[in-house]
Structure formats: C-alpha cells, structure tokens
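Subject: The structure I promised you

Hi there,

Here is the structure I said I would pass on, with the sequence alongside. Have a look first, and then read on for what turned up.

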Amino acid sequence: MEKSLPIKERFEVVMKRSFPELTFYHHIEEMKGQINVFFIELADEKTLGELWEKIRNVIAVYYQNHLETDFELWNIYIIFVLPVAVSNELKYKIENDQLSSRKIVVDNFEQKMDDKTRGVLLSTYINNDLFLPQTSGDTQKRSTEYTSDSKVFSVINAPGKNNKGKNQLQFLYTNLLNKLKNEDTEG
C-alpha cells in the first residue's frame, strides 16, 4: 500500500481491495472536530449478515486506529443501506454492537444514493444541529426561576451556599441535618 497517501485515500484502497463488490462512500462532517460517516450499500440481508463485522473491523483497524482526537474516535458512524427489509434480530444485533463505531441499518431504502440522499440520512440519523445554551446570564435566570417547598431546596438556596468544595458539602449537610432535627422536635 502506498504510505504516501493521506489516511482517507489509503483506507479507501483497503476497502476496495477487501470488499470489491461493495459500494461505499466516506463522508467527513466538520463540527468541533471531524465526524466520519461510512455509507455502505448492500443488496440483501444475507450479505449484511456476512459482512457487517468484517466491514466494522476494517474501518476500526485501517481508519479509526489512525485518528488522533477523542472526538474523532468517538464519532464514527457506519450506515448500512439496503433496498430490502432486514429482520429486527439482525438490526438489533448490528445497531447494539458497541465495538468501534455506531452502526445504523437503513432498510427498504429505494432511493438512489447521491449527495442529496446521503444528506437526508445524515440529518435523519446524525443530528448535527445541536445547540448549546448560552452560559452568560441564562444560567442565573434559570436557577432563580425554579422554586420548591422541599427542605433540601431551601437549604441549597440558603445564604452561605457560596462555600466551595468540601466546605460547601459540610455546610449543606449540617444545615439539612439541623433542619430535619428541628422538624423532628417540633412535629
């Protein structure tokens, strides 16, 4: 194998040599790191049953093994696309396999695979529209909106809660214990 090729191209050579009968497409989605998605087109359930572990292993050894960041290592998806139905047993086995990557089986898919259909599958199965809440001001606003009559809540929101670490835990524990003792003696 040509060592001078970038990892993506070297991996594609390995995939074509290992599975010459398969149609596959490798998509890299850029977010805060790279998300690698492998679309594997298969003709029938029997072929899926025979090949899915081999495909997973080739991706793990020849591609995933060369990734550098945790984000990239934890964000590898293999989407198996078939034009026929796949039994629930095989789907369950594949999709619950936790080795190396997340696996998705899309059966009864009768559309031609192209950039548009791959985009639809990406947005359906891999949500890249995640929005994190703003941390300034919003956090304080949300924490003051909630109220409760519970004793734990009143202790957590009592003055002096700004202690840090072990002191904070000791303060909360002591106050909660005192509150419960007072309630026991009063009632």
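R118 has a relative accessibility of 12%, and because anything under 20% is called buried, R118 counts as buried. Please keep in mind throughout that this is a predicted model. The side chain of R118 forms a salt bridge with that of D115, at 3.0 Å from N to O. D115 counts as exposed, because its relative accessibility is 58% and the cut-off for exposed is over 50%. Both residues belong to helix α5 (residues 115–125), where they sit 3 residues apart, about one turn of the helix.

How many salt bridges are there? The count comes to 6. Another of them is made by the side chains of E12 and K8, again with 3.0 Å between N and O. These two are found in helix α1 (residues 7–18) and are 4 residues apart, about one turn of the helix. K8 is partly exposed, with 24% relative accessibility.

Then there is K103, whose side chain meets that of D97 in a salt bridge of 3.1 Å, N to O. Are these two buried or exposed? K103 is buried, and D97 is buried too. They also take part in a network of salt bridges that links R56, D97 and K103.

Strand β4 (residues 102–106) has 4 of its 5 residues buried, so the rest of the structure largely encloses it. Its neighbour in pairing is strand β3 (residues 76–81): the two run parallel and are joined by 5 bridges. Between β3 and β4 the chain passes through helix α4 (residues 88–95), and this β-α-β crossover is right-handed.

How many residues of β3 are buried? The answer is 6 of its 6, so the strand is mostly covered. In a regular strand, side chains alternate between the two faces of the sheet. In β3 both faces are covered: I76, I78 and F80 are buried on one side, and Y77, I79 and V81 are buried on the other.

The largest one has 25 residues, and I40, L48, I55 and F80 have the most contacts inside it. Two or more residues each come from α1, β2 (34–41), α2 (45–62), β3 and α4. α2 gives the most, with 6 residues. Apart from this core lies another, of 13 residues, including I35, F39, Y77 and I79.

Leaving aside residues up to four places away in sequence, I40 touches M15, L22, T23, F24, I55, I78, I79, F80 and V81.

Best wishes

Technical notes
Residues numbered from 1 in each chain as written. Predicted model: local features only at pLDDT ≥ 70, side-chain atom pairs only at ≥ 80, totals over all residues. Heavy atoms only, no water. Salt bridge = Lys/Arg side-chain N within 4 Å of Asp/Glu carboxyl O. Buried < 20%, exposed > 50% of the residue type's maximum accessible area, 1.4 Å probe, protein only. Pairing = 2+ DSSP bridges. Right-handed = clockwise from strand over helix to strand, strands pointing away. Core = buried A, V, L, I, M, F, W, Y, C linked by side-chain atoms within 4.5 Å. Contact = heavy atoms within 4.5 Å.
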